Amino acid sequence: MDAETFNRLYPVNTPVRAFPETRGERPKITRTRTAAVDVQHGLTVVHVDGLVGAIDIRGIDPLPNNYPVEA
C-alpha cells in the first residue's frame, strides 16, 4: 500500500498495533503521530507515539478508533 492510500484510510491519530522490529515481538498499542510517506525502494513508513523512528506500515495493524491505547 502506498502512503496516499494509507493516509486516506488511516488518518493521523489512528490507533494501531505497532511491531517496531518483527512481528515475533510484543507489539505496542499506540497511535499514528504523522501521515505516512513513501521513501526509497517503495517502502512506506509512518511515525507512531512512543517509538523512535519511522515504522514500515507492513509492521502496523490499524485498530478501531475507540480501541484503548497504552499510555
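**Close-up views of a predicted model**

**View 1. Three strands form an open sheet in the order 3-4-5, with antiparallel pairing.** The model shown here and in the following views is predicted. The edges of this sheet are strand 3 (37-38) and strand 5 (55-56), each of which pairs on one side only. Strands of a sheet pair through backbone hydrogen bonds, either parallel or antiparallel. Strand 4 (residues 44-46) and strand 5 run antiparallel and are joined by 2 bridges. Within this pairing, Val45 stands opposite Asp56 of strand 5.

**View 2. A salt bridge links Arg58 and Asp56.** The side chains of these two residues meet at 2.5 Å, N to O. Arg58 has a relative accessibility of 64% and therefore counts as exposed, since the cut-off for exposed is over 50%. Asp56, with a relative accessible area of 23%, is partly exposed.

**View 3. A second open sheet is built from 3 strands in the order 2-1-6.** The pairing in this sheet is antiparallel. Strand 2 (28-31) and strand 6 (60-62) are the edge strands, and each pairs on one side only. On average, neighbouring strands of the sheet are turned by 30° against each other, direction ignored. Strand 1 (residues 15-18) is joined to strand 6 by 3 bridges. Ala18 has Ile60, in strand 6, as its bridge partner.

**View 4. Arg17 and Asp61 form a salt bridge.** The closest N and O atoms of the pair are 3.8 Å apart. Because Arg17 lies in strand 1 and Asp61 in strand 6, the pair ties together parts that are 44 residues apart in sequence. Arg17, at 24% relative accessibility, counts as partly exposed. Asp61 also counts as partly exposed, at 22% relative accessibility.

**View 5. Thr30 is a buried residue of strand 2.** Its relative accessibility is 2%, and the cut-off for buried is under 20%. A polar atom of the Thr30 side chain lies 2.6 Å from the backbone oxygen of Asp49. Not counting residues up to four places away in sequence, Thr30 touches several residues, among them Pro15, Val16, Ala18, Val48 and Val69.

**View 6. Arg8 and Glu4 form a salt bridge within helix 1.** The closest N and O atoms of Arg8 and Glu4 are 4.0 Å apart. Both residues lie in helix 1 (residues 3-9), 4 residues apart, which is about one turn of the helix. Arg8 and Glu4 are both exposed. Side chains of opposite charge can pair when their charged atoms come close. A search of the whole structure finds 3 salt bridges.

Note on methods
Residues are numbered from 1 along each chain as its sequence is written. This is a predicted model: local features need pLDDT of at least 70, side-chain atom pairs count only at pLDDT 80 or more; totals for chains, interfaces and linings use all residues. Side-chain values use heavy atoms; hydrogens and water are left out. Two strands pair if DSSP finds at least two bridges between them. Axes are lines fitted to C-alpha atoms, for helices over the stretch in contact, and angles run from 0 to 180 degrees between N-to-C directions. Buried means under 20% relative accessible area, exposed over 50%, partly exposed in between (1.4 Å probe, protein chains only). A polar contact is a pair of N or O atoms within 3.5 Å; within protein, one must be able to donate a hydrogen and the other to accept it, and residues adjacent in sequence count only if both atoms are side-chain atoms. Contact means heavy atoms within 4.5 Å.
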